[in-house]
Amino acid sequence: MMIRTRGLTKTFTRGKSIVEAVRGIDIDVREGELVALLGPNGAGKSTTLRMLTTLLTPTSGTAQIAGHSIVDDRDAVRRSIGYVGQGSGAGNNQRVRDELFTQGLCYGMAKKESRERAAELIDALDLSEFAGRTVSTLSGGQRRRLDIALGLVHRPPLIFLDEPTTGMDPQSRANLWEHILRLRTETGATIVLTTHYLEEADSMAERVVVIDKGVVIADDTATALKDELASDLVVVSMSDASAAARAAAVAERISTVRDVTVTGNRLQIRSRNGDTVIPELLRESEAVGARAVAVELSRPTLDDVFLGLTGRSLRETHTVAR
Ligand SMILES: Nc1ncnc2c1ncn2[C@@H]1O[C@H](COP(=O)(O)OP(=O)(O)O)[C@@H](O)[C@H]1O
Ligand SMILES: [Mg+2]
């Protein structure tokens, strides 16, 4: 197990106000996994990462990183991890290549080793085009790639990335993801990242841990979460309202169907496996003389999962990008 947390909490006290940022988080991450922590602003994602990277001391609970306690064994934890915080870490007037080289020296590498490592990372994250430029001239996406390279200098088996793609345009995000995925295949590193982009967590991570108000409210593959916690939506237009009423009665008898509503000649069905419901529904409806004229199937998104769990839409709660 690369990460194991039990009842991890963090309470901040600012004057008289108390913020329970993390209220009891249990997460297990196996070696080699790629896990996305998904949740709205203020859910406690960054605070969790900052505890796991030993930057913050937990208020209570325990966590081990590669078997080392984040409280009693900080140095060992720090040697096992790379951390790229929210916002940009690199930020001076050094050239990209020198920034990486200096970072290697900081980790105690000899000059030759550090130079070689910088060259490797420049290659791995496609930085060669601007390796001679000063950091301050890079675009957001380029800078983020440099940040990730900096987090990888000492070859950590575990990498934490806090909102690596926030604020980037879709193309740069896709490009960064390519690098993250390639990194993973090439180094076998365990990667834990946070995001509030639903589509990203859905399509890229193999496991999604949904965090809301300081607790884990769901933890599985995106597909499993959608199957278990949200329904497909089947909308059928019938020839007329009376046909819709008859088809609704048919739909109610299908075992996977969870909810049926009729508005005029339109039938809305929430169901698991909507794709298999459609042929059965059409066949049985025909048998009672109810004819469909159009059918539409929508698959749920992770936002439907979040909505189902919290009653709120993640899209709406996330109004400001931080
Ligand atoms: N240093 C701090 N002092 C006081 N409150 C904080 C501090 N850091 C974070 N918080 C609060 O803790 C909650 C969780 O924040 P954070 O972990 O940054 O959430 P996320 O990364 O999911 O957006 C928020 O309400 C935030 O305002
Ligand atoms: Mg954050």
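The shell around ligand 1 is made up of four nonpolar, six polar and two charged residues; here Ala, Val, Leu, Ile, Met, Phe, Trp, Tyr, Cys and Pro count as nonpolar, Asp, Glu, Lys and Arg as charged, and the others, Gly among them, as polar. The model is a predicted one, in which local features need pLDDT of at least 70 and side-chain atom pairs count only at pLDDT 80 or more, while totals for chains, interfaces and linings use all residues. Residues are numbered from 1 along each chain as its sequence is written, with chains lettered from A and ligands numbered from 1 in the order in which they are written.

Surrounding ligand 1 (C-beta atom, placed from the backbone, within 6 Å) are Phe12, Arg14, Val19, Ala21, Gly39, Asn41, Gly42, Ala43, Gly44, Lys45, Ser46 and Thr47. Two or more of these residues come from each of β1 (3-14), β2 (17-29) and α1 (45-52), where helices (H or I, at least four residues) and strands (E, at least two) are DSSP runs, numbered from the N terminus. The most, three residues, is given by α1.

Turning to the sheet, four strands are arranged as β12-β13-β11-β14 in an open, antiparallel sheet; strands pair if DSSP finds at least two bridges between them. Because β12 (257-263) and β14 (292-298) each have a single partner strand, these edge strands have one side left without a neighbour in the sheet. From one strand to the next, the twist averages 15°. Strand β11 (residues 232-238) is joined to the antiparallel β14 by six bridges, and leucine 233 faces serine 298 in β14.

Key. Axes fitted to C-alpha atoms, helices over the stretch in contact; angles between N-to-C directions.
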